Structures are given as structure tokens and as C-alpha cells.
Amino acid sequence: MRWLNRTFLISGGLAGVLAVTLAAGVRQGLLALLGIGFGAVLQGARFGFTTGWRDFIERRDPQGLWAQMLLMVLAAVFTLPLIAGSGGELVGAVAPLTISLVLGAFLFGAAMQLADGCGSGTLYKAGAGSPLSFVVLPTFAFGSFLGASHQPAWIALGGLPAVDLLAFGWPTALTLTVAACALVALAAGRAARGGRARVASSAPQAVARDLVRAGTASFVAAAPAAAPAMRGWARRWWLGAALLAVLYLLHLLVAGQPWGIVYGMGVWGAKLVGALGWDLSGDAFWGVAPHAQRLVEPVLADVTSVTNIGLIYGAIAASRWNGPAEFNLPSGRRLAAAAIAGLVMGYSARMAFGCNVGAYLGGIASASLHGWVWFALAFAGSIFGVRIRRRIGG
């Protein structure tokens with residue numbers, strides 16, 4: 001009966017895309033279809049940004065980081081020439097280097113380890129039926145709404161203007177982006193080879209020491225012990241990166257902007273609190289254009305929301321492609337910690353101009369320096385998040 005199950009899942013997806021098309025137009029229907037693709041790839045390849053970082057921090061396994069760098073490179077190769085030549089019809093994810101970016105990225109990195117998923121991870125794991133992500137999703141949405149409401153005040157704290165490498169021409173921007181991704185991948189591989197003998201430690205000092213040693217091998221003494229041989233690069237990682245890069249390109253062409261997650265979840269939170277009587281007409285973010293218009297329009301009219309909805313369905317289909325999915329119910333303490341972490345994630349994502357998708361992937365693939373700042377601070381936050389996660393358990 002597996003064929004019947006798969007036929008039902010495919011039919012349900014196509015019916016959903018048709019319904020969105022009829023309700024909100026062809027573009028929104030295409031975005032829903034792309035969202036299904038994102039969810040299917042993320043779940044099918046188990047392509048987790050959070051897991052990839054945790055694997056490296058805890059076990060010095062670089063495969064997830066390698067895959068993320070491959071995704072960045074491919075997304076930049078596919079999109080930077082198009083953005084540069086579009087005359088403004090296609091835009092990248094470019095943001096200033098503010099104090100809020102630094103604080104928000106660090107908090108997000110720590111919280112996503114407790115929530116066991118970033119923005120995209122929470123959506124696809126919720127679609128797959130993870131109880132933890134079911135708890136995280138509503139608090140994430142409320143946090144994103146609240147963080148957006150406070151975002152103008154955070155930005156007012158100051159910082160530096162945006163640095164868009166495309167200003168130097170797309171060949172230069174692409175060369176610098178590819179070189180930076182290659183350096184990260186190389187450093188991760190070196191740190192993995194040198195650090196596996198000390199796998200037990202994920203202390204910030206240990207992780208930082210391994211990365212510095214890997215990046216400055218000629219100046220710092222090598223790791224003292226011989227490392228076990230690498231197991232290779234699992235197909236799911238590089239195949240997932242390649243497929244996500246293609247979907248990222250298609251999303252940019254259809255929507256005119258990079259793939260995003262958090263804004264849509266903030267819209268969901270704002271619509272909910274508005275329905276409960278919270279007056280947002282004077283809000284510094286939600287009370288002004290174009291965000292005020294988003295709250296008036298149907299949710300299917302919002303680019304990010306419709307992609308998110310498709311993503312959830314894609315994860316549902318992928319997780320049940322071979323039959324029912326099974327999950328264990330975490331402890332109450334673990335669920336409570338995840339709910340709080342979801343609130344922090346949603347709020348801090350708005351401080352930092354996005355999550356792993358909007359700021360990290362979108363920023364770096366758009367050749368915006370804020371993407372690299374986000375990566376560095378969020379990874380540092382993840383090191384502490386992993387330690388807190390161990391104390392809580394899970």
C-alpha cells in the first residue's frame with residue numbers, strides 16, 4: 001500500500017498548490033510549490049543547519065559545515081550575476097553591521113541548539129511531527145512578531161552601514177565569497193583532523209583553539225595525537241546542498257528576493273495578536289508600510305508565509321514517504337526549555353535581520369558582509385548553546 005500513500009501525498013501537494021494559485025495567483029502558487037521542494041529536501045536529506053554545527057562542536061564532524069559552504073558557493077554562483085544584471089528587479093539580502101546584528105546573531109545561535117532547529121529546521125521538523133518543534137513553533141512566531149516590533153529601537157543603537165561586495169562588481173564579489181567559503185571548509189577539515197583525538201571537549205576554548213590552529217597551521221603547533229581517518233562525505237549532505245541551491249535560485253527568480261523564513265512567522269504572530277485585540281496601528285514596525293499592508297492582506301499573499309506553508313507540507317510528505325514517522329516525547333523540562341528558546345530565537349532573528357536562511361545563507365550568497373558577521377557570532381553562540389543543552393539533557 002506504499003504506492004497509495006505516496007499517491008495521496010503527491011495529490012495533496014498538487015491540490016494545495018492549485019488552491020493557492022486560485023486564491024492568490026500564479027506566483028504564489030509557484031512559491032508554494034518551491035516551498036514543498038524546500039521541505040522535501042530539508043527533511044529527505046536531513047539537512048540541518050543546527051545539527052551540522054552541533055556535529056562539528058561535539059564530534060568535530062565537518063560534513064555539515066562543508067555542505068553549508070557548498071550551498072553558499074552554489075547559491076552565489078547561480079544568483080550574483082543575475083542580481084547584478086537585473087537592474088533592480090532582483091534584490092539580495094543586504095543589511096547593516098549594527099549592534100543588534102551582533103547581539104541577535106549570538107542569541108540566535110545559542111537558542112537554536114536548545115530548540116533543536118533554526119528557522120527552517122523548526123518548520124520542517126514540525127512538519128515531520130517532532131513534538132519539540134511543535135512546542136517551538138508558536139513561541140518562535142510570537143518572538144518574531146515582538147522582535148520585529150522592537151527592531152527599529154535596536155537599529156537605533158547604531159553600528160556601521162551595509163557592506164555590499166557587489167558594489168565592486170559581481171566577479172569580485174563572487175571570487176571573495178567563494179574564497180571565504182573555501183577557507184571555512186578548509187579550516188573545518190583541518191580542525192576535524194586535529195581535534196578528533198580530543199572529541200570529548202566542546203568547551204569554547206577547545207573549539208576556538210582547533211579553529212585557530214587549523215587556520216594558522218604554520219604558526220601554531222599541530223595537534224599532538226594522530227586522528228582517525230575521515231569517513232568521507234555522506235551523499236545526503238552534498239546532494240541536499242545542491243538541490244537547495246537550485247531551489248534558492250528558482251525562489252529568487254519567482255519572488256524577486258532571496259528565500260526567507262522569519263518574516264512570515266512574524267506575520268503569523270502579528271495576525272494572531274491582532275485578532276486577539278492588540279492594536280498595532282501605532283507600532284513602529286507593524287504599523288507602517290509595507291508591513292501594515294501584510295496584516296490586512298490574506299496570509300497567502302505574503303511571499304514568505306506561502307513558502308513556509310509549502311515547506312511544512314513538503315516535510316510532511318517526505319517524512320511519511322515510506323510510512324508513518326515515529327518520535328519520542330521529550331521530558332517536560334526539555335519541552336519548556338525549547339519553548340523559551342523558540343521565543344528567544346524569534347526575537348533575536350529580527351534583531352539580526354534573519355535566521356540561518358535569511359541572514360546566513362541569504363547574506364553570504366548575496367555577498368553582503370553581514371552574512372559573515374552573522375555566521376561568526378551565531379556559531380560562537382551555538383558553542384554555548386550546546387553546553388547548556390547538555391546540562392538540560394537531550
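Let me start with a check on helix α13, residues 303-319. With 17 residues at 1.5 Å a residue, the helix should span 24 Å, and its end C-alpha atoms are 25 Å apart, so the two values agree. Keep in mind that this is a predicted model.

Next, is α13 mostly covered or mostly open? It is mostly covered, with 12 of its 17 residues buried. Buried here means under 20% relative accessible area. Among the buried residues are V303, T304 and S305 towards one end of the numbering, G310 and L311, and then A317 and S319. What do the buried residues of α13 pack against? The partners are α1 (2-24), α2 (26-44), α6, α10 (235-255) and α11.

S120 counts as buried, because its relative accessibility is 1% and the limit is 20%. Which residues does S120 touch, leaving aside those up to four places away in sequence? They are L42, F49, W259, I261, L311 and V357.

Three residues of the patch come from α10, which is the largest share. V246 is one of the residues in helix α10, and at 39% relative accessibility V246 counts as partly exposed. As a reminder, an α-helix has 3.6 residues a turn, so residues three or four places apart point the same way.

Now to the loops, where the backbone has some details to look at. P290 sits in the loop between α11 (262-275) and α12 (291-296). The peptide bond from A289 to P290 is cis, and its omega is near 0°.

Two other loop residues have a positive phi without being glycine. F353 has phi near 65°, and its place is the loop between α14 (332-351) and α15 (356-365). A367 also has phi near 65°, and it is found in the loop between α15 and α16 (369-392).

Methods. Residues are numbered from 1 along each chain as its sequence is written. This is a predicted model: local features need pLDDT of at least 70, side-chain atom pairs count only at pLDDT 80 or more; totals for chains, interfaces and linings use all residues. Side-chain values use heavy atoms; hydrogens and water are left out. Helices (H or I, at least four residues) and strands (E, at least two) are DSSP runs, numbered from the N terminus. Buried means under 20% relative accessible area, exposed over 50%, partly exposed in between (1.4 Å probe, protein chains only). Contact means heavy atoms within 4.5 Å. The expected span of a helix is 1.5 Å times one less than its number of residues.
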